[in-house]
Amino acid sequence: MSELRYVGRKIVRDDGLTKVTGQLTYPSDLKIDDMYHGALVFASVPHALINDINVEEALKKPGVIDVITWKDVPGINGFGICGPEQPVYCKEKVRYLGDVVAMVVAKTERQARSAVSKVHVDYTVLETVSDSVKAMTDSSTERIPLPGTETAGHNKISRVDYSVGNVEKIFNDPDVIVAENDYKTPYEEHVYLETDIAVATVNENGQLELWGSLQYPHLDRTEIAHVMDLPEGQVIIHAGYQGGGFGSKHDMTIQPAAAVAAWKLKHAVRVHMNREESFLTSAKRVPYQFHVKTAADKEGHLLAHEVVFTADGGPFVAANPAIFCFTIEHSAGVYRFPNVHIEGDIAYTNNAHCGAFRGFGCNQICYALESQMDELAAKLGMDSLDFREMNQIRTGQPLSMTHRFGGSDGLAVSYDVVRNTNLYKNKEAFKAAAAKPYLKRGIGFGWALQGVGMGNFCPDYCIVDVKLHEDGHFSVSTGAVEMGQGVVTTCHILAAEKAQVSYDQIQVLVGDTDTTPDAGGTVASRSTLTAGNAMWIAFDTMQDYAAEELKKSYRHVALDFDGYLCDGRLVTWAEIYKLLPPEKHTVQGKYHVPETNKHLPFGVHYIYGYCAHIVGVEVNTLTGQTQVIESEILPAVGTVVNRLGYEGQAEGGTSMALGYALMEDFRMDQESRVLTKNLQTYMVPTTKDMPRVCKVTPIETIEREGPYGAGGMGEVVCIPGTPAITNAIRDAIGMTVRELPASPEKVLMWLRENA
Amino acid sequence: MLNISKYYRVSSLEEALDLLNKETWKILGGGTDIVPQMRAGAHKDAALMDIQLLKNELGSVEMRDGDLVIGALCTHEELRHNDLVKEYMPTLADACAHVGSPQIRKRGTIAGNVINASPAGDTIPSLVAAGASARFLSVNGERLVPVEDIATRPGRTVKEDNELLTEFIIPLEGKAWKGTYDKVGVRNALQISIADCAVISHPDFGVRIACGSVGPTVKRALQSEALFAKEGMTREDFASAMAEDICPIDDVRASAAYRREVLTNLIYLHYQER
């Protein structure tokens, strides 16, 4: 490949200046003249039948325009990624405390909110089902899904039982070394800065137009069209620039409810959740309980791996089946197991709504698996790094689930790169440097792989439109959503590189069903790969058109910077614009992510990103507090597109992995009431918790399928840091962390019991 | 959206005391506690008296008759950098450095931290341990109240509606308090303490300990203090003393057992390192 002009440099993000100066408009900044404001009436009990919804008193309150309920839904009263099971407005029953029963619409937000308590809902209270195991195994527990909903069993969203080889035969062999343990992971809240918002209106053409917290506007359009019983052409969705998402906004929340209100009233309606409402309603990371049994022979060759688990999916199907399958797919990690048995159930409960969260079901199992790897290495008396390397999947081998994978060779070289890190080379000095006898230091590792894209679970494509304008600049438009992850800048860099033009000759448009084509969801670490390849295809077509046209007038035609070199003269794109017929000013590229060779009972990927993480921690044995002192993250996700964005993702991933390891814990009581209602009690790390040394070291091996060799990194960077930290705690004090987070309390109480 | 009936910014201490005597007001200093409380629905329809213009009268730190006197409106940020505080009451400077975030420290005041009457107020253990008093002024005169006696339970104080807390007096006899302030939480900033304690000593007053977030109000740990006078005390001795000194509860942030355990460990450490 010739030298790259933009890819791999440090490029300031397109939206950076407008964000830091407050000029950029997020959906929650949008004001429409004279718009009404909605306030939500939530379920007052977690599980109940609705007998009656009385809105009379609320309608009499000052400023109240209307109270919207299920009666106002024109089409399907439901939505959800894996089935329209979440009601827009509850009709028959409520299934968690974030369920929406009605929306008060008033002239001001204050008026709307103050009338909420005047909507009287008569309930027949049902048993609260908050224990995910009991929900499925005890058939006397109250059934949660609506009548007629197909389930995999009593209160069971789905079940998978998958085997390769025969694990029992291995476990029965008296000569094998076995590690058998339970692990538990908590609910995790995304804490995006911009809480859930929807502004809906009916425009002058009679179309429903909606701005909101969304990660896949084209799918959201389809869902809202179904709710509204409108053709898709009657619905316009603007997602644009979001104040964070981390996967949660893949599940819609209040957007369909706002659409129903605006359509009924033929008037703009704005609904904006406060932090407490957002915590209550939005999808959380799915909590798991694992029982894991892992066996190796005496030389350290992995032989068998069994994972039996239960997950709590909350009240709706939502994205749960997909997340659950993702966990299964990733349950053997980067290691080669000849025998595998994975068995899991995911339950309906009245607890928090669960859904996508950066890592999508991989974080939980990676923590359990990487803990097992350290425990098994200890039992074998082996160095845990050597043990991992010895059992790592080699390029060209199938993964343990038996499907083939493509992607970069980053994994193969990662062990040597980790051995070369300062922290690893100086690990003894690091551990000896604790300043007080009660401070204990340890180092730990984690390895992760993470499927890029949707896998063969569902269609996986992206469309990019490239348009040549009269002045010679290109606009590149795609339905991806900018949530802060940097997709606009990534598209800008890849487009400028491919087009071979000055950086300011590219304009990127995103996140809008009216002005951009369907990109697929802005999820699954897929946008760099998919949008990059789709625009590659589009620019190829555009360049073919240009060359073809120019060859009519010139003998030697070659693509050059900012135009074509034609018989020694630069013909600029502005000139080419004039030469091309109008229908050739716009081209479209559509890219399909390649599929792997096998269809298994769960979706599997062909392309993966990899990441290694090494950390050094210090545990205060008097308080149980753990500080991550040093961290070096080593993503192996192909070429670096933008060094600044890459470092931002990797450092943010480190912070998120640290939060999941040490403090994040969204809690409910047995009656499914939220205990960590807001940021006063739900702890996320701040900059003060970040390691003093926080290095990002790219392992830049080429992702063969990717644009300029780039792959997807958004998620994998937040995964291995968690087990690296818990493994470092183990190295420091001997405690195997069986339940996340490893809070000061859990660590200190373990120390007390094991003193 | 704050539901207030009235907002008034007073320009002199006399005016403040006069108005406090006539009507019921909520005092607004830095607002770092009261504003979030109002957002959560508390103090509905309150009349807010903003006293920030009294900074000249209530915003200084000085030595007076050998005691350290701290004005009510001193912010945490000012106190953490104040030379007198750093020299004579270093644990208070340390506690101020641990309050919330830079934004909160630059607005929040020491009087607000005390009068909010949270058992988790970061500045309170140092003040209680040192035997500090607060001066309350009203049109009827003034009274001095030990800081330990200001809060009666979480969110409730002995302050009368017509009174204004104007300053804190920390007895020094011209000599410095030394010691440690420990704040235990799950992260390093923006943290409401799970448990905290000031363990301080003074040439004339000896060792003093006060613990926060382990009871309805911040209290001296008298049994533990007594052990510091003896040699050869064990961790078990301190565990027994703490059992009498504190009465923590289980809440969403930590269990009572953890709070007991962690404070016992820390106080025993300071005993060993004394």
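**A guided tour of chains A and B**

Select Ala524(A), which is buried, with 28 other C-beta atoms within 10 Å. A residue counts as buried if 20 or more other C-beta atoms, placed from the backbone, lie within 10 Å of its own, as exposed if 12 or fewer do, and as partly exposed in between. The model is predicted: local features need pLDDT of at least 70 and side-chain atom pairs count only at pLDDT 80 or more, whereas totals for chains, interfaces and linings use all residues. Residues are numbered from 1 along each chain as its sequence is written, and chains are lettered from A and ligands numbered from 1 in the order in which they are written.

Ala524(A) has a positive phi near 60° and lies in the loop between strand 21 (506-510) and helix 16 (527-550) of chain A. Helices (H or I, at least four residues) and strands (E, at least two) are DSSP runs, numbered from the N terminus.

Next, select Asp229(A), in the loop between helix 6 (217-228) and strand 11 (235-238) of chain A. Its phi is also positive, at about 55°, although Asp229(A) is not a glycine. Asp229(A) counts as exposed because it has 12 C-beta neighbours inside 10 Å.

Move to Pro741(A), in the loop between helix 19 (721-733) and helix 20 of chain A. The peptide bond that leads from Leu740(A) to Pro741(A) is cis, with omega near -10°. Most residues other than glycine have a negative phi, and most peptide bonds are trans.

**Strands of chain A**

Select strand 9 (residues 197-202) of chain A: 5 of its 6 residues are buried, so the strand is largely enclosed by the rest of the structure. Strand 9 of chain A runs antiparallel to strand 12 (residues 269-272) of chain A, to which 4 bridges join it. With strand 10 (residues 208-212) of chain A, strand 9 pairs in the antiparallel sense over 5 bridges; strands pair if DSSP finds at least two bridges between them. Ala200(A) has bridge partners in both neighbours: Val269(A) in strand 12 of chain A and Leu210(A) in strand 10 of chain A. The hairpin of strands 9 and 10 of chain A has 5 residues between the strands, and there Gly206(A) takes a positive phi near 80°.

Then display the open sheet of 3 strands in chain A, with the order 22-23-24 and antiparallel pairing. Strand 22 (557-560) and strand 24 (569-572) of chain A are its edge strands, each pairing on one side only. Strand 22 of chain A is joined by 4 bridges to strand 23 (residues 563-566) of chain A, where Cys566(A) is the bridge partner of Val557(A).

**Where the chains meet**

Two residues are in contact if their C-beta atoms, placed from the backbone, lie within 7 Å. The contact takes 20 residues from chain A and 18 residues from chain B. On the side of chain A that touches chain B, the largest share, 5 residues, comes from helix 20 of chain A.

Select helix 20 (residues 744-753) of chain A with helix 12 (residues 256-272) of chain B: they pack at an angle of about 70°, with their axes 10 Å apart. Glu745(A), Leu748(A), Met749(A) and Arg752(A) make this contact from helix 20 of chain A, and Tyr258(B), Glu261(B) and Val262(B) from helix 12 of chain B. Axes are lines fitted to C-alpha atoms, for helices over the stretch in contact, and angles run from 0 to 180 degrees between N-to-C directions.
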